[in-house]
Amino acid sequence: MATATLTAGAPPARPAVPDTISTRRVIAFLAMVFGMFMAILDIQIVSASLSEIQAGLSASSDEIPWVQTAYLIAEVVMIPLSGFLSRMLSTRALFTISAAGFTAASALAATATNIDQMIVYRAVQGFIGGGMIPSVFAAAFTIFPPSRRAFVSPMIGLVATLAPTIGPTVGGYISHAMSWHWLFLVNVVPGILVTAAAWTLIDFDKPNLKLFSKFDWWGLAGMAAFLGCMEYVLEEGPNNDWLQDQGVFICAIVMTIGAVLFFWRVFTAEEPIVDLKAFTNINFAFGSLFSFVIGIGLYGLTYLYPVYLGRIRGYDSMMIGEALFVSGLAMFFTAPISGILSNKMDPRLMMMIGFFGFATGTWWMTHLTADWDFYELLIPQILRGCSMMLCMVPINNIALGTLPPERLKNASGLFNLTRNLGGAVGLALINTVLIDRNAFHYARLSEHVQWGSEAAQTKLQNMTLNFEQTPGLDATSAAISKLSGMVQQQAALLSFMDVFFMLTVLFATLGLFTMLIRKPAAAAGGGGGGGH
């Protein structure tokens, strides 16, 4: 029985791209990849060093998360917008402006003397830097022939997954070795080099300045309100009891109005700011769905492991970074293997192995205890790193490998947006589950640690006797405090296990779901030489 392809309704195959590619284009592409690496790394690089930045800027604990949030909100608006800007200005102009603006904003962030300046500079950095990320995905599938995909797709997949994973590690090292200012200054010299290379070498396409007269300002306003407020609601909601908080409630209303305006303009404007027609290609629709879930796993675990190590093990940012470096190494060594496999293996099978591998790693973490350290976390982290790369390469090929060139710029913006939104939704979900289940487990455990409980009384007496050996200490109060701390720690551990179990079910389900996809012949061919 002939296997149907997943490109229902797609335009005819693009014209054959010549198998050779000039050295100039390869160098230009490598410069773009490095620019994208800096932009993605900068999301997470400050996460391990927020306490140092807080002290340096004399910021309150409520204000400091905005160093992260401002960057994320601005970036999530730019990523889908970049497709239109790239068509209007050309890849060369957009990437050069993005790289130059990102570098300038990085230098400014290092000079910030108060939290307000830092938030503004981080927002500029996120917005302008966001233009670099989709440009790389579009360029990879525009300028490279299908026979070169086994080299290109793992490279962009590695950067998209490795940068957020090693961000806290790199940030921890930099802020310990020098000062938090260098988290931003470290971008300046590479940023100048990337800007110069982009302006000199990129020659993939021509600008279409006529599009400026058709620019949909209302569509942009709707999209900014919709995506920006959604990012804020997802970031702040879990810690502020969702709609009970006035700020979250107002943003939820603005988000809804923005969504209505945005989708109305998408379907009625002559040149919509974001063209959703790419979703009519079923390959792209499935690829985006998988990308969304990859975002949950990628950003979710990059958040969960440090929280566990900080809260339960008492690690500082440097120790957390060292403990988490394993995932980055696993990704790095798996990238070339996944490139070779993408030529030889059914992409559905690669994705299934990746999803089940990821589920195995999170299932391993459901046996967590308060004593787990580097060696206990080693295998789950290796599984996470290897599985991420095995998933990313076929997902990129399936989503973008069969689209015609004129749809690629816009589609790569949407594709990257799904991963970022997956991360935002995943973090909100994980935070909500951690908070709710922690309260649930604490209440349940407290029932067993009461005056009527014989085991609790015995434990308390033993602990009191131990504390009585220390002169000048109220042994009973110290024992009660210690016992309360043990209950709180156990409740936190149980809530971590619940989150890991939830992620296991999600990724195992997705592994089974890949069986339902018909073989994407064109995408598989895109991995090898048969995409014409």
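Accessible areas were computed by the Shrake-Rupley method with a 1.4 Å probe, and for residues only the protein chains shown count as cover. On this basis the protein chain exposes about 22,100 Å², of which carbon and sulfur atoms supply 67%. The structure is a predicted model, in which local features need pLDDT of at least 70 and side-chain atom pairs count only at pLDDT 80 or more, while totals for chains, interfaces and linings use all residues. Residues are numbered from 1 along each chain as its sequence is written, and side-chain values use heavy atoms, with hydrogens and water left out.

The protein chain contains 19 helices and zero strands; helices (H or I, at least four residues) and strands (E, at least two) are DSSP runs, numbered from the N terminus. Of the 532 residues, 56% are buried, where buried means under 20% relative accessible area, exposed over 50%, and partly exposed in between (1.4 Å probe, protein chains only). Among contacts (heavy atoms within 4.5 Å) with a separation of 6 or more, 85% join residues 24 or more positions apart.

Helix H9 (residues 188-201) has 14 residues and reaches 20 Å from its first C-alpha to its last, close to the 20 Å expected at 1.5 Å a residue; the expected span is 1.5 Å times one less than the number of residues. The buried residues in H9 are Val188, Gly191, Val194, Thr195, Ala197, Ala198 and Leu201. Their cover includes helix H1 (23-44), H4 and helix H8 (182-185).

Serine 90 lies in the loop between helix H3 (66-89) and helix H4 (91-111). Although not a glycine, serine 90 has a positive phi of about 90 degrees. Most residues other than glycine have a negative phi. Serine 90 is buried, with a relative accessible area of 5%.

A nonpolar surface patch is formed by Leu243, Phe249, Ile250, Ile253, Val254 and Ile257, with about 530 Å² of accessible area together. Such patches consist of residues with over 30% relative accessible area and no salt bridge, nonpolar side chains (Val, Leu, Ile, Met, Phe, Trp, Tyr) being joined within 5 Å and like charges within 9 Å. A salt bridge is a side-chain nitrogen of Lys or Arg within 4 Å of a carboxyl oxygen of Asp or Glu. Phenylalanine 249 lies in helix H11 (residues 246-268) and, at 41% relative accessibility, counts as partly exposed.

The structure holds zero disulfides, a disulfide being a pair of cysteine sulfur atoms within 2.5 Å. The cysteine sulfur closest to that of cysteine 229 belongs to cysteine 251, and at 4.1 Å is too far for a bond. Cysteine 229 counts as buried at 11% relative accessibility.
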